[in-house]
Amino acid sequence: MRLRGGAAIAVLIMLSVAGCKQDTTGKGGSEHEATAGGNTGGGSGGGSGGGAALTAAESLTVKGRAPKTGYSRERFGTAWADTDSNSCDTRDDILKRDLKQVKFTGGTCKVSYGVLASDPYSGKEVTYQRGRSLVDIDHLVALSDAWQKGAKYWDASKRIALANDPLNLLTVDASANRSKGDGDTATWVPPNKAYRCTYVAAQVAVKKKYGLWVTAAEKAAMVKVLSTCSGQKLPTGGNPTNAPARFHAN
């Protein structure tokens, strides 16, 4: 009896230890991934699992597009409003963030020159000079796309916040950006395949942050791209989702 009792106790101890190990492994690092910044994983890279970005994409609400009726840029406030109150407009803030060899006119706000060392969309080097149109600041989630997927029902403060949120803005080659138009992931991804994982993860991050929905085709395209992006993180940060009360939109 003692031997059988001792053997039973030993088996119970082994099962208990195994159970603890399984629980720890099962939790993984999902909480850490969800709060980490984006990475620059290639769109055609191997691996599976997609990481936090894929998980977030799969959680997005699916609906059809609302009518574009009533959309105008003015519904998102004055272009490049200084919503972070740093005395520089949003466009110059993003140029300073993304360009190299930056030069200014009259202080440290107005960017007059800079180099986009590797344009995310085309992969080429682009020189920015104020007054020329070789560089655009792209809304990763286009404002008209946002309008048709929830933003038309928001108050002006939230729309202004989206239009000026650094999380939704990127300095890019103008010609590549204009080929995108207001397309979502189902209709356009960067020609530069090495940037596609990062690009789609950023769109997912913006839509999740602001509660925008996606179409079925858009979600399928997001999942398809991110399924090839091993461990792709979800970008975070940016500005609050409501602009200060002093800002208004038509």
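1. **Basis.** This is a predicted model, in which local features need pLDDT of at least 70, side-chain atom pairs count only at pLDDT 80 or more, and totals for chains, interfaces and linings use all residues. Numbering runs from 1 along each chain as its sequence is written, and side-chain values use heavy atoms, with hydrogens and water left out.

2. **Salt bridges overall.** The search of the whole structure gives 15 salt bridges. The criterion is a side-chain nitrogen of Lys or Arg within 4 Å of a carboxyl oxygen of Asp or Glu. Three of these pairs are taken up below.

3. **Arg-65 and Asp-145.** The closest N and O atoms of this salt bridge are 3.4 Å apart. Arg-65 sits in the loop between helix H3 (51–59) and helix H4 (90–98), and Asp-145 in helix H5 (residues 143–148). The two are 80 residues apart, so the pair links distant parts of the chain. Helices (H or I, at least four residues) and strands (E, at least two) are DSSP runs, numbered from the N terminus. Asp-145 is buried at a relative accessible area of 2%, whereas Arg-65 is partly exposed at 39%. Buried means under 20% relative accessible area, exposed over 50%, and partly exposed in between (1.4 Å probe, protein chains only).

4. **Asp-182 and Lys-68.** Here the closest N and O atoms are 3.5 Å apart.

5. **Glu-218 and Lys-149.** This salt bridge has an N to O distance of 2.7 Å. Glu-218 belongs to helix H9 (residues 216–226), and Lys-149 to the loop between H5 and helix H6 (156–163), 69 residues apart. Both residues are buried. For Lys-149 the relative accessible area is 0%.

6. **The network around Lys-149.** Salt bridges link Arg-65, Asp-145, Lys-149, Asp-184, Lys-207 and Glu-218 in a network. Lys-149 touches Arg-65, Asp-184, Lys-207 and Glu-218, and also Leu-212, Trp-213, Val-214 and Thr-215, not counting residues up to four places away in sequence. Contact means heavy atoms within 4.5 Å.

7. **Largest pocket.** Its volume is about 290 Å³. A pocket is an open set of points on a 1 Å grid over the protein atoms alone, where a 1.4 Å probe fits, with protein on both sides within 12 Å along at least five of seven lines; lining residues have an atom within 4 Å of a point. Points are joined across faces, edges and corners, and the volume is the space filled by probe spheres set on them. Of the 16 lining residues, Ile-137, Asp-138, His-139, Asn-177 and Gly-181 are the closest to the centre.

8. **What lines the pocket.** Strand E4 (135–139), H5 and H7 each give two or more residues to the lining of the largest pocket. E4 provides the largest share, five residues. By class, the lining has six nonpolar, four polar and six charged residues. Ala, Val, Leu, Ile, Met, Phe, Trp, Tyr, Cys and Pro count as nonpolar, Asp, Glu, Lys and Arg as charged, and the others, Gly among them, as polar.

9. **Backbone angles to check.** Ser-85 is not a glycine, yet has a positive phi of about 55°. Ser-87, also not a glycine, has a positive phi of about 75°. Ser-85 lies in the loop between H3 and H4, and Ser-87 is found in the loop between H3 and H4. Ser-85 is partly exposed at 45%, whereas Ser-87 is exposed at 64%.
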